[in-house]
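Subject: Two-chain model, handover and notes

Dear colleague,

Below is the structure that I would like to hand over to you, followed by an account of what was found in it. Please read the notes with the structure open beside them.

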Amino acid sequence: MRKELDCRGMECPAPVLHVRNELEKETPAAITVLVDNEAARQNVGRFLEHMNYKVNSEIMGGEFRLVGTRADGTVSLEMPSPAPSAKVLEPGTKKIMVFVTSDHMGHGDDGLGDMLMFNFLKTLKEMGPNLWRVVFVNSGVSFTAEGSEAVPVLQELAGEGVQVMACGACLAYFHILDKMQVGEVTNMLDIVTGMQLAESVITV
Amino acid sequence: MTNEIIRLTQTVKGAGCAAKLAPGALDKALCGLDLPVDANLLVGLAQADDAGVYKVSDDIALVQTLDFFPPMVDDPYSFGQIAAANALSDIYAMGGIPKTAMNIVAFPSKTLDISILRTIIEGGLSKMREAGVVLVGGHTVEDSELKYGLSVTGYIHPDRILTKKNLQTGDRLILTKPVGTGIISTAIKAGLAGQALTDRVILAMSTLNREAALTMEAFQVHACTDITGFGFLGHLAEMVVDSGRGVRITSANIPMYHEALEWAAMGLIPAGAYNNKNFRGSFIDFGADVTQRVQDLLFDPQTSGGLLIAVAAAEADRLVYALKAKGIDCAAIVGEVVDEPVERIIVE
C-alpha cells in the first residue's frame with residue numbers, strides 16, 4: 001500500500017506530527033511526503049528513519065518529496081504514544097520500571113519473603129530489553145549494599161544497561177550510604193520523573 | 001475575563017529563541033553598515049558580543065541589551081519569567097550588574113484576553129525583583145502574534161568586561177545549564193512533553209544566570225557568553241572565531257535533557273537548529289562516536305540557556321565546585337582551549 005501526504009505550508013513540528021498520525025492509523029509499505037522547507041525535510045526524514053523506513057528525498061523547485069520505504073513490509077511497528085510520552089524507545093521495546101519498596105516480598109513469613117524477593121530480582125533479567133530501570137526504596141535499598149547476595153545479580157543487570165538506582169535518603173536512614181556497591185544514588189524527583197517516563201511501573 | 005485555557009504556544013509559529021532570525025541572514029543585513037564612531041563605545045555591534053558597553057567614566061560603563069520572543073511555554077506567568085531571565089542573562093554574561101529594564105510587548109488584543117498580558121508582566125517583574133532591577137517603562141504594540149521581552153541596562157567596571165574574545169590556551173570551558181530546551185519547546189508545542197518534564201525545563205529556563213555570574217567573579221575567568229538562539233556550538237563558534245586558538249569538546253560531559261535526545265531522533269527539531277548547523281557546521285569536526293542526535297542537541301537553539309565560561313585550567317575544578325555549592329548542580333567542564341587546530345571546534 002502506498003500513501004501520499006502533503007505537508008507543504010506546515011512548520012515544525014506540524015509535518016512530523018502529521019506523518020506520525022498517519023502512521024498510527026496504518027503502517028504503509030511506502031509513504032511519500034511533500035514538504036516545502038529544509039527543516040521539515042530533515043525532521044520528517046529523521047522521523048521516518050526512526051520508524052524503520054528507508055528514506056530518499058528529491059528536490060523539486062523549492063519543495064521536497066520524501067519517499068519512505070519500509071525495510072520489512074510485514075512487521076508492524078510500535079508507535080511512540082502521545083502525551084505524556086517522553087518514552088520514545090526503539091520500536092518494539094517497552095520501558096518498564098520496577099519499584100522495589102521492601103527487602104522482602106509479600107506478607108506472612110519474612111524468611112520466605114526474603115527468599116522470594118531475591119528470586120524475583122534474579123529472574124528480572126527475563127524481561128530482556130524491556131527492563132529499563134530498577135529503583136530501590138525503604139528497606140529495599142539493602143539489596144544494593146555490601147553483604148547482600150543480590151549485589152552480583154544487580155551488577156549483571158547494570159552491565160546489560162539496566163539502570164539500577166537506590167534512594168539516597170533511604171541509604172542514609174539505614175546508615176549504608178557508604179556501603180553501596182551497585183547502581184547510583186537517586187532522589188524523589190528522579191523517581192517521580194522516572195515513573196512518568198516509564199511505560200509501566202511494577203511495584204513490589 | 002474568560003475561563004478558557006489558552007495554550008500560548010499554539011498561538012504562534014516559532015518558539016522562544018528558536019524563533020531567532022537565521023544567523024547568516026542577520027550577518028547579511030548588518031555587514032558593511034556605516035556605524036557611528038565613539039571612543040567611549042567599548043563593545044559595540046562590530047564585536048557582536050552579548051551586550052553593548054559604553055564607558056561613562058573611568059570606573060563606570062553602561063551595559064545594554066535587549067531580547068524578546070514569542071512564547072515557548074503555555075503558562076503566561078512562566079513565559080514572563082523566562083523572557084526576563086533570558087534578557088537579563090546577556091548582562092550577566094558580560095560580568096555586569098543589571099539595574100533598570102523596560103518591557104517590550106507585541107500583543108494580539110483581539111484574540112487574547114488582556115489579563116494574559118498582565119500575568120506575563122507579573123512573571124517578568126518577579127525575575128526583575130530577584131535580580132534587583134527596577135522597571136522604568138516599556139512599549140506595547142498591537143501584533144498578530146504575542147511577543148515579550150526586556151531591554152535591560154546595567155553597569156560594569158570598564159576594566160572588568162567579560163567578552164567572548166579572550167580564550168587562553170589551556171582554559172577549561174564550563175557550562176551551567178543543560179542543553180535541549182529548543183527541542184523540548186517543540187515537543188511542548190506538539191503536546192508530547194509531560195507536565196513533570198515541562199516543569200523541570202520551565203524552572204531551568206526561568207533560573208537567572210545571576211548566581212553563576214556572581215560565583216565566577218572570584219575566579220580567573222578569561223571569556224564568557226550565554227547560550228541562547230545560536231545553540232551551544234553556535235555561541236562557542238563565536239568565541240573561537242578570531243581567537244587564534246581551537247577548542248576540544250567532550251560531548252559526554254555536556255549536560256543534556258535525555259528526553260530531548262529521544263525527540264531529536266524522532267525529528268522534533270526546531271528549524272533554528274538547522275540554520276545554526278548550516279551557518280557554523282564548517283567550523284566543527286565531529287568524532288565518529290558523536291551520534292546524530294547529540295549533534296542535533298549541540299545546535300539546538302536554547303532559550304535562557306546557561307553561561308559558557310572559559311576559566312584558567314588551575315581554577316576549573318574549584319569553580320565547578322563553587323557553582324554546585326550555589327545549587328547549579330549540572331555545572332560541568334565540557335571542553336578545553338587548545339593551540340591546534342586553529343579556530344576549529346573538535347567534538348568528541
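Strand β9 (residues 246–249) of chain B and strand β12 (residues 332–338) of chain B are joined by four bridges in the antiparallel sense, where two strands pair if DSSP finds at least two bridges between them, and where helices (H or I, at least four residues) and strands (E, at least two) are DSSP runs, numbered from the N terminus. Within this pairing, B:Gly246 has B:Val338 of β12(B) as its bridge partner. Before going further, please keep in mind that this is a predicted model, in which local features need pLDDT of at least 70 and side-chain atom pairs count only at pLDDT 80 or more, while totals for chains, interfaces and linings use all residues. Residues are numbered from 1 along each chain as its sequence is written, and chains are lettered from A and ligands numbered from 1 in the order in which they are written.

The sheet of chain B

Both strands belong to an open sheet of seven strands in chain B, with the order β8-β11-β7-β12-β9-β13-β10 and mixed pairing. Its edge strands are β8 (221–226) and β10 (284–286) of chain B, each of which pairs on one side only. On average, neighbouring strands of this sheet are turned by 20 degrees against each other, direction ignored; axes are lines fitted to C-alpha atoms, for helices over the stretch in contact, and angles run from 0 to 180 degrees between N-to-C directions. Helix α2(B) packs on the sheet and touches β8 and β11 (307–311) of chain B, its direction making about 165 degrees with that of β8(B); here two residues are in contact if their C-beta atoms, placed from the backbone, lie within 7 Å.

Domains and helices of chain B

Chain B is divided into domain 1 (8–160) and domain 2 (172–347), with bounds that come from an automatic or database domain assignment. The C-alpha centres of these two domains of chain B lie 20 Å apart, and their contact takes 27 residues from domain 1 of chain B and 31 residues from domain 2 of chain B. On the domain 1 side, α1 (23–30), α2 (76–93) and α3 (114–131) of chain B each supply at least two residues, and the largest share, 10 residues, comes from α2(B).

Elsewhere in chain B, helix α7 (residues 231–240) and helix α9 (residues 271–280) pack at an angle of about 35 degrees, with their axes 9 Å apart. The residues that make this contact are B:Gly231, B:Leu233, B:Gly234 and B:Ala237 of α7(B), together with B:Ala273, B:Asn276, B:Phe279 and B:Arg280 of α9(B).

The sheet of chain A

Chain A has an open sheet of five strands in the order β8-β7-β6-β5-β9, with parallel pairing. Because β8 (184–186) and β9 (200–203) of chain A stand at the edges with a single partner strand each, one side of each is left without a neighbour in the sheet. Strand β7 (residues 163–167) of chain A is joined to β8(A) by three bridges, and the two run parallel; A:Cys167 stands opposite A:Thr186 in β8(A). Helix α6(A) packs on the sheet, where it touches β5 (96–100), β6, β8 and β9 of chain A, and its direction makes about 145 degrees with that of β6(A).

A:Val135 has its place in strand β6 (residues 131–136) of chain A. A:Val135 counts as buried because it has 25 C-beta neighbours inside 10 Å, the cut-offs being 20 or more other C-beta atoms within 10 Å for buried, 12 or fewer for exposed, and partly exposed in between, with C-beta atoms placed from the backbone. Leaving aside neighbours within four places in sequence, the contacts of A:Val135 include A:Met97, A:Phe99, A:Met165 and A:Thr186.

Where the chains meet

The contact between the chains takes 24 residues from chain A and 22 residues from chain B. On the chain A side, α1 (14–25), α2 (38–50) and α6 (188–197) are the elements that give two or more residues, and α2(A) provides the largest share, eight residues.

With regards
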